[in-house]
Amino acid sequence: MKQQRTALVIGGGIGGLTAAVALERRGWSVTVVERAAALEPVGAGIALAPNAQRALDTIDVGDAVRARADGQVAGEFRLPGGRRLARTDNAAAVRRFGGPVAIVHRAELVALLTARLPASAVRTGATATLLDPGDPHTCGRPARVRIAEPDRGGPDQPVADRPEPDRAGLDRPRTTGDKDMTSTRGNAKDNARHTDLSADLVVAADGIHSAVRRAVFPGHPAPRYAGFTAWRFVVPAPEGVSPVAHETWGRGCGWGTVPLAGGRIYAYAMAAVPAGGRAVDDERAELLRRFGAWHQPVPALLDAVGPAEVLRNDVYSAAAAPPAFHHGRVALLGDAVHPMTPNLGQGGCQAVEDAVVLAHEAGPDADLGAALAAYTRQRLPRTMEVVRRAERIGRLTTWRSRPACALRAGLMAATARLTPDLALRALDGIADWRPPAGTYAAGARGTRTAALREEQE
Ligand SMILES: Cc1cc2nc3c(=O)[nH]c(=O)nc-3n(C[C@H](O)[C@H](O)[C@H](O)COP(=O)(O)OP(=O)(O)OC[C@H]3O[C@@H](n4cnc5c(N)ncnc54)[C@H](O)[C@@H]3O)c2cc1C
């Protein structure tokens, strides 16, 4: 009887977890390896445009996301003094893209995805290194990955005393090529236990500074600094703060405020500064210096947030299109392969799209080599177009010169009068995307699990 195929997902971010759920539903036995000690997502919001929601619908997560989103009805473009330049609303997004943008807390999305995976499918505190990308041809050698985990039992702990491997397939002897690819040993030097695993498919969802991308495409340029840094935080809505979302552009800086369900507010800010900077005191103080005199609710939100709750990340964007989104038995997805500026709110959305397209192509009986080539064909041109579009808007937001910013504001106000859906136009051809297949019934997983049990009996 056919053995269940195994997938190892490197990275437990939104892209990796969505891929894990989607592949599991397509009959793969999936293990997610995440180097952080826990799947504790950064405390910020995430906008999921209709394209991402439709992708999440295929794995039964879309409704739950929409149920957790604030029913936010309007958004405005403003100037730091408060003047309104343009306005949009959810009805316009529904007309244009078939649904509104849903904004949720990242923790909620991560929890929804993790809840759809067997508990043993996620290994946290485990750092993965690709040893061999493998050969995707039938009977070709599997991919191999080394996992380093804190050595709780000590380097000399005998193999028999260690906990059982958690996922069928990954740690068991292989039938393709090598006999048994698993070996485990302690390393007294770094106090970590190293386990070498083999898998039919490796999904590299290891984020912007992806080590897997560097390993499989060593000549490919690293992502380049986009010229600005971003701050994010979530706070309970201070009293009197209007529930209207806004994005406000100043000279070389900007601020966004978005209501979240449950009476919370998600705020983000950006400023054109050199890479690698940090506030001399704390990031809240830095925000106060830069934005404290802007229109409400900005000062009220800064009053409400604690210094430790403000996240800061420099923003990077892909310097060039990679040769492919796959290599051997490795599929790259999300920020690992198409880092983009957050100006369209699409980085995570595109990662979610990648994940469901990959799972669609890598169906139960698919030839893996052909499936991965089809994945690249579908995802590379689309995501690179989104990268470039987001970058163009990012550049607009970093303008500093007073006359250029005045011209920008005048053009935005005039265009908004002529084209009320101005802000949404940037998402044309992006937010209206549809996944390649309808929902994969939850039963698909049950069927495969049952088949696996039969094999073992
Ligand atoms: C300010 C800001 C606002 C944004 N807003 C939005 C938005 O509104 N909507 C949207 O769609 N996108 C948004 N994005 C983009 C979005 O956050 C990212 O595109 C998305 O989180 C990428 O997900 P990912 O899973 O590809 O990577 P990540 O979330 O970076 O996950 C990678 C994971 O891999 C793990 N990892 C790395 N190396 C290893 C290893 N060797 N072994 C094991 N684990 C490893 C990391 O610990 C991490 O957990 C925003 C980004 C920024 C900076």
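**Entry 1. Val258**

I looked up Val258 in this predicted model and found that Val258 is buried, because 23 other C-beta atoms lie within 10 Å. The cut-offs I used are these: a residue is buried if 20 or more other C-beta atoms lie within 10 Å of its own, exposed if 12 or fewer, and partly exposed in between, with C-beta atoms placed from the backbone. Val258 is in strand β15, residues 253–260. Helices (H or I, at least four residues) and strands (E, at least two) are DSSP runs, numbered from the N terminus. I then checked a distance: the C-alpha atoms of Val258 and Gly45 are separated by 8.6 Å, although the two residues are 213 residues apart along the chain.

Notes on the model: residues are numbered from 1 along each chain as its sequence is written. The model is predicted, local features need pLDDT of at least 70, side-chain atom pairs count only at pLDDT 80 or more, and totals for chains, interfaces and linings use all residues.

**Entry 2. Gly262**

I moved along to the loop between β15 and β16 (264–271), where Gly262 lies. Gly262 counts as exposed because it has 11 C-beta neighbours inside 10 Å.

**Entry 3. The whole chain**

I counted elements next: the protein chain has 13 helices and 19 strands. Of its 457 residues, 45% are buried. I also looked at contacts, where two residues are in contact if their C-beta atoms, placed from the backbone, lie within 7 Å. Among contacts between residues at least 6 apart in sequence, 76% join residues at least 24 apart.

**Entry 4. The ligand**

Which residues come nearest to the ligand? Of the 34 residues around the ligand, I noted Gly11, Gly13, Gly207, Gly334 and Gly347 as those that come nearest. A residue is near a molecule or strand if its C-beta atom, placed from the backbone, lies within 6 Å of it.

Several elements each supply at least two residues of this shell, among them α1 (14–25), β2 (29–34), β8 (127–132) and β17 (311–317). Helix α9 gives the most, with 4 residues. I sorted the shell by residue type and got 16 nonpolar, 13 polar and 5 charged. For this sorting, Ala, Val, Leu, Ile, Met, Phe, Trp, Tyr, Cys and Pro count as nonpolar, Asp, Glu, Lys and Arg as charged, and the others, Gly among them, as polar.

Why does the ligand lie between domain 1 and domain 2? Both domain 1 (6–61 + 112–221 + 319–390 + 432–456) and domain 2 (72–102 + 224–318 + 393–425) give residues to the shell, so the ligand lies between them. The domain bounds come from an automatic or database domain assignment.

**Entry 5. Helix α2 and its neighbours**

Helix α2 covers residues 50–57, and I looked at how it packs with α9: the angle is about 30° and the axes are 9 Å apart. Axes are lines fitted to C-alpha atoms, for helices over the stretch in contact, and angles run from 0 to 180 degrees between N-to-C directions. The crossing of α2 and α9 is left-handed. A crossing is left-handed if the near helix is turned anticlockwise from the far one by less than a right angle, and right-handed if clockwise.

On the α2 side I listed Asn51, Ala52, Ala55 and Leu56, which meet Gly348, Cys349, Val352, Glu353 and Val356 in α9. The residues of this contact divide into 6 nonpolar, 2 polar and 1 charged. An α-helix has 3.6 residues a turn, so residues three or four places apart point the same way.

I found α2 mostly covered, with 7 of its 8 residues buried. The buried residues of α2 pack against β3, α3 (62–68), α4 (90–97), β6 (102–105) and α9.

**Entry 6. Leu368**

I found Leu368 in helix α10, residues 368–397. Leu368 counts as buried because it has 22 C-beta neighbours inside 10 Å. Leaving out residues up to four places away in sequence, Leu368 touches Pro136, Asp200, Leu201, Arg329 and Ala362. Leu368 and Pro136 are 232 residues apart in sequence but 5.8 Å apart in space, C-alpha to C-alpha.

I noted a cis peptide bond between Gln296 and Pro297, with omega about 15°. Pro297 is in the loop between α7 (283–291) and α8 (298–304).

Asp60 is not a glycine, yet its phi is positive, about 70°. Asp60 lies in the loop between α2 and α3, and Asp60 is partly exposed, with 16 other C-beta atoms within 10 Å.
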